[in-house]
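Good morning, colleagues. Please look at the sequence and structure on the screen.

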Amino acid sequence: MKRALERLGLPVLRSFDPETAHGLALKALQIGLTPGGGPVTSKRLKVQLAGLDLPNPIGLAAGFDKNASAVVPLLQTGFGFIEVGAATPRPQPGNPKPRLFRLGEDGAVINRFGFNNEGMEAICARLQNRPASGIVGLNLGANKDSADRAADFATVLRRAAKHVDFATVNVSSPNTEKLRDLQGREALAALLKGVQDSNATGLPVFLKIAPDLDDAGLDDIAHVALDANLAGVIATNTTLSRSGLTSAHKSEAGGLSGAPLFERSTIVLARLADRLDGQMPLIGVGGVASAEQVYHKIRAGAQAVQLYSALVYAGISLAADIARGLDDLLKADGFANVQAAVGLDQADWASRSMPG
């Protein structure tokens, strides 16, 4: 019944402007109108990631539930883990509207939200009431007008650590001016030292990187991530590239996500996997809309995968469908578990030319 409602509701949602539709989708989750049943799992799908026991490797990327307003229903939609936020120390409205655009012909989305959120206090008030079961992470952000953006990440981590299972340092959003400057080797090393110094509970901390880094930039990321003793790296955030787009909104400013990002983000994932050489796990993100694409990410070097933009076009039940499809693919290839397939095609992906 709820699957039928979702199929009927998706065209209705797309009749609204994208940000309004997103808000309505969260409301539908909150009042129980979306498919549930809990995370899809099997012996093949279970993954241990940085000490976290995932029922399956399909995660919800940050940005969908910025304010942790739908944690309980999201944990019931099939995902193996979810990430909320980004959270900043103080509330901020983000960039002026409109700031979210559908590129239907390209299967893509452009956003320039700018870390709009209700702030860490409101978000933590909700997270303290989350269920004990289920894996929930928090994306850490910095206030646009902060005098010390690097310190903001540590501030949010200290406040939220006891309420979440992992945290992600997000210095790769293109929608806060000069934020990506923090990906430079010296600046990033200092930032991550501050975060880890504040990490009294030993919470797994991930770093989310941009897909627009060159090989030298990836060298720096690998070096700094290992030095900082991170739990892993999330590759990748949205891109500034507009190569090959056809939609009317293709020239809008902001980060591009969705189908056009798949190849670029998977190449970056594989190249980073080569540099890290198994020393820390990777989460693959970018353009995932099917079980086959998740499988490609895993074979390129990812232990787990996150998605978001595909939900705009396929609905929240996509997570469960992908998890079941991945289980079938692993079974067909004779793999006992996800880990057995990790990195099998890493060299092939790493050798490909970057699109555009």
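Helix α9, residues 291-300, packs with helix α11, residues 318-332, in this predicted model. Their axes lie 8 Å apart and form an angle of about 60°. On the α9 side, the contact involves Ala291, Glu292, Val294, Tyr295 and Ile298, which meet Ile322, Gly325, Leu326, Leu329 and Leu330 of α11. By class, eight of these residues are nonpolar, one is polar and one is charged.

I turn now to a second pair. Helix α4, residues 120-127, and helix α5, residues 149-160, have axes that come within 10 Å and cross at roughly 25°. Angles under 35 degrees count as roughly parallel, and α4 and α5 are therefore roughly parallel to each other. Here too, α4 passes α5 in a right-handed crossing. Met120, Glu121 and Cys124 in α4 meet Thr155, Val156, Arg159 and Ala160 in α5. This contact has four nonpolar residues, one polar and two charged.

Finally, the core. Which residues touch the most other members of the largest nonpolar core? Of its 104 residues, they are Phe79, Ile82, Leu138, Phe153, Val169 and Ile209. Helix α8, residues 262-276, supplies the largest share of this core, with eight residues. Beyond its neighbours within four places in sequence, Ile82 contacts Leu60, Val71, Leu74, Leu75, Ile135, Val136, Gly137 and Phe166. A second, separate core has six residues, among them Phe101, Ala108, Leu245 and Leu256.

Notes:
Residues numbered from 1 in each chain as written. Predicted model: local features only at pLDDT ≥ 70, side-chain atom pairs only at ≥ 80, totals over all residues. Heavy atoms only, no water. Axes fitted to C-alpha atoms, helices over the stretch in contact; angles between N-to-C directions. Helix = DSSP H or I, 4+ residues; strand = E, 2+ residues; numbered from the N terminus. Parallel < 35°, antiparallel > 145°, perpendicular 65-115°, else oblique. Left-handed = near helix turned anticlockwise from the far one by under 90°. Contact = heavy atoms within 4.5 Å. Nonpolar A, V, L, I, M, F, W, Y, C, P; charged D, E, K, R; others polar. Core = buried A, V, L, I, M, F, W, Y, C linked by side-chain atoms within 4.5 Å. Buried < 20%, exposed > 50% of the residue type's maximum accessible area, 1.4 Å probe, protein only.
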